[in-house]
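Subject: Structure handover

Hello,

Please find the structure below. My notes on what was found in it follow.

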Amino acid sequence: MKIDLEKLKEFEKEIELIANEKNVYDKRNIFLKNYISPLYKKMKDLDEKEKKDLGKNLNEIKEKIEKIVEKRINQIKKERILKIKSEYDLNLPANFFETGFVNPLDLVKEQIINFFKKANFKILTASEVTTVDYNFDKLNIKQDHPARSMSDTFFINESKLLRVHNTAVTAMALEKFNKENEIKVLSYGNVYRKDDDDATHSHQFNQIDMVWVKKGMSLANLKWITDKLVKYIFDDEDIKVRYRLSHFPFTEPSFEIDVSCFFCKSKGCNICKKTKWIEVLGAGLLHPNVLRNTNIKKGLSGIAFGIGIDRIAMLKYQISDIRRMYNNDFLFLKEFKGDR
């Protein structure tokens with residue numbers, strides 16, 4: 001059975017006259033329906049050799065049709081661009097597009113990450129959905145801890161939840177690298193806690209968690225790295241650091257770390273609530289149970305801290321309302337144009 005090639009030539013001539021992309025596709029579909037599809041239906045009455053030959057010819061014809069259509073579509077697009085160029089210069093910047101700016105949360109996050117990259121830390125993040133095992137059990141958070149309550153944590157089911165802290169990522173990292181003699185990990189990302197949103201609180205915020213494990217790690221190492229970090233973040237070599245005893249299930253001993261108020265220079269103001277100190281992070285030595293739960297080699301110890309990016313951004317850039325960093329207000333973001 002032969003295919004009428006004259007019909008194909010007519011199709012090509014008619015396509016050349018069409019100036020609209022949709023009409024080109026419509027013309028192709030009509031041609032396939034009227035001249036190609038009926039030939040496929042007749043194949044059932046042919047013997048094997050004729051079927052094979054006809055099928056091969058039909059496939060070749062369809063390829064030619066698609067090439068004809070593609071060629072014409074490209075021509076139409078080029079003609080449209082040339083027409084626009086005659087009226088507008090596409091190389092000129094559009095005067096109605098406003099350039100975006102970097103969010104202060106990202107500025108602080110990048111600054112902290114760069115600090116630890118220079119110290120050869122592994123920079124990690126992971127799924128915001130984690131397990132009870134990594135979020136609580138491996139971190140020495142007991143069954144009766146308030147954070148494990150359904151009313152305080154966003155549970156998905158009995159075993160999965162939105163992570164409460166990036167220490168959950170740290171637990172996974174400790175377990176993953178537990179054969180090594182030194183583990184240096186920094187994790188970052190969103191964390192979630194049941195909280196009422198207001199100027200200083202959010203149910204979702206950003207956190208960075210650090211852990212450094214090797215033989216002989218002590219409070220001296222913790223003090224050295226936190227001291228260096230806060231001076232780097234706030235770009236102030238004269239800033240003072242204070243350690244207050246606290247309690248975190250995954251560290252022992254645990255500390256709240258404060259810095260001298262850089263707004264009032266330790267004279268007392270509304271920012272430091274007249275205390276002359278501002279709390280910036282929580283830290284401590286990794287609890288022996290955490291090291292044991294993640295199968296860390298015997299004889300190794302570790303230091304760790306967690307820092308809220310949102311709080312640091314609010315302090316560093318004097319932002320009074322945490323919600324401003326999440327609503328994508330161009331006027332607000334424009335204030336940080338030159339900070340990267």
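Helix α9 (residues 309–316) is largely enclosed by the rest of the structure, because 6 of its 8 residues are buried. Buried here means under 20% relative accessible area, with exposed being over 50% and partly exposed in between (1.4 Å probe, protein chains only). Helices (H or I, at least four residues) and strands (E, at least two) are DSSP runs, numbered from the N terminus. The buried residues of α9 are I309, D310, I312, A313, M314 and L315. Their cover includes the helices α4 (104–117) and α7 (219–233), and also the strands β5 (204–214), β8 (277–286) and β9 (301–308). After α9 comes Q318, which has a positive phi, near 55°.

This is a predicted model, in which local features need pLDDT of at least 70 and side-chain atom pairs count only at pLDDT 80 or more, while totals for chains, interfaces and linings use all residues. Residues are numbered from 1 along each chain as its sequence is written, and side-chain values use heavy atoms, with hydrogens and water left out.

A171 is buried, at a relative accessible area of 1%. Leaving aside residues up to four places away in sequence, A171 touches Y134, K138, L139 and T294, where contact means heavy atoms within 4.5 Å. L285 lies 114 residues from A171 in sequence, and the two are 14 Å apart in space, C-alpha to C-alpha.

Next, a strand pair. Strands β6 (residues 241–248) and β7 (residues 251–260) run antiparallel and are joined by 7 bridges; two strands pair if DSSP finds at least two bridges between them. The hairpin from β6 to β7 passes through 2 residues. Y243 stands opposite I257 in β7.

Finally, the chain as a whole. The protein chain has 10 helices and 9 strands, and 42% of its 340 residues are buried. Its radius of gyration is 32 Å, whereas a compact globule of 340 residues would have one near 20 Å. That radius is taken over C-alpha atoms, and the globule rule is 2.2 Å times the number of residues to the power 0.38. The C-alpha trace spans about 90 × 55 × 40 Å along its principal axes. Of the contacts in the protein chain between residues at least 6 apart in sequence, 67% join residues at least 24 apart.

Regards
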